[in-house]
Amino acid sequence: MTLVLLRVDLAQVLGYLRRPLLVGALTAWLLLAMPLIAYGVAAAVGLDGPLGAALVISATGCAATSSPAFARLVGLDGEISLVVAIVTTLLVPFTAPPLALGLMGIDLAISLPGLMTRLALVVGLPLLISIGIRQMVAEPTLRRFGPSVDGAVVWLVVLYGFGVMDGMLARLLADPAWVLGGLGLAFAGNFGMNVLTVLAFLAMGRGLALAGGLLAGNRNMALYLAVLPAATDDRILLFFALAQFPLFLSPFLLRPVYARLRGWQGDMPRR
């Protein structure tokens, strides 16, 4: 998180806030409306227990910090994706715990203040550290070492992936129906939040609606894996691990759809 925020110029992000009402609407939709909708859908279809709780919690998460890169990869608006990803990351410690623990009563083996404090520390300390580094290191130096920082982030994501997938094969062999069902739900949740967001914001322009959909579907589950206690139901944590599959695969699976919707089959950026 520190390295990711180090590559983000917060002053530049503030400069991007030329459409504050739009950013506010997308942020409120992701952090407030989507969890309530996910809760309503889970209750309506009788999806209770760990899978239902995990789906709702995933809907409370901030947009993945990889969202701007994914948006640019598929030819969508990277600027609005960057702003909303950063804003939701900074706000999630104050929105997710009251929704998950207070309003919805999901048992995560941790108190409301405890979860808020942990999330605030995981987000706030890296933010402060990154700001401190920016104060001490000249901007040209930061730009020169930027590719190295990006490379370090990639390696850390790879190591995170190893840790998240630890024990996955054993669980798959022991209970294949549950794991495959959880994987299917992870894809359904990702694509479902994506589609609902596109429909909700379509009146504001197709490109913006598609970028918002990508933000809504791809949530940062790493924060929850970092802050939830060991006593949390391991099936909830397992779902967060399974949610990594649609997060990393959805931009590539949906790229032909974006190309068709935007009419970019011939000139989409190739990277």
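Q: Which element gives the largest share of the lining of the largest pocket?
A: Rolling a probe the size of a water molecule over the atoms shows where empty space is left. A pocket is an open set of points on a 1 Å grid over the protein atoms alone, with protein on both sides within 12 Å along at least five of seven lines; lining residues have an atom within 4 Å of a point. Here α9 gives the largest share, six residues. Helices are DSSP runs (H or I, at least four residues), numbered from the N terminus.

Q: What kind of model is this?
A: It is predicted: local features need pLDDT of at least 70, side-chain atom pairs count only at pLDDT 80 or more, and totals for chains, interfaces and linings use all residues. Residues are numbered from 1 along each chain as its sequence is written, and side-chain values use heavy atoms, without hydrogens and water.

Q: How many residues line the largest pocket, and which lie nearest its centre?
A: The lining has 35 residues; Val-4, Thr-65, Ser-66, Val-153 and Val-157 lie nearest the centre. Elements giving two or more residues include α1 (2–6), α9 (146–164) and α15 (244–262).

Q: How much space lies in the largest pocket?
A: About 1100 Å³. A volume is the space filled by probe spheres set on the points, which are joined across faces, edges and corners.

Q: How many cavities of 30 Å³ or more does the structure hold?
A: A cavity is a set of points where a 1.4 Å probe fits but cannot get out. The structure holds one of that size. About 110 Å³ of space lies in the largest cavity. α11 gives the most to its lining, four residues.
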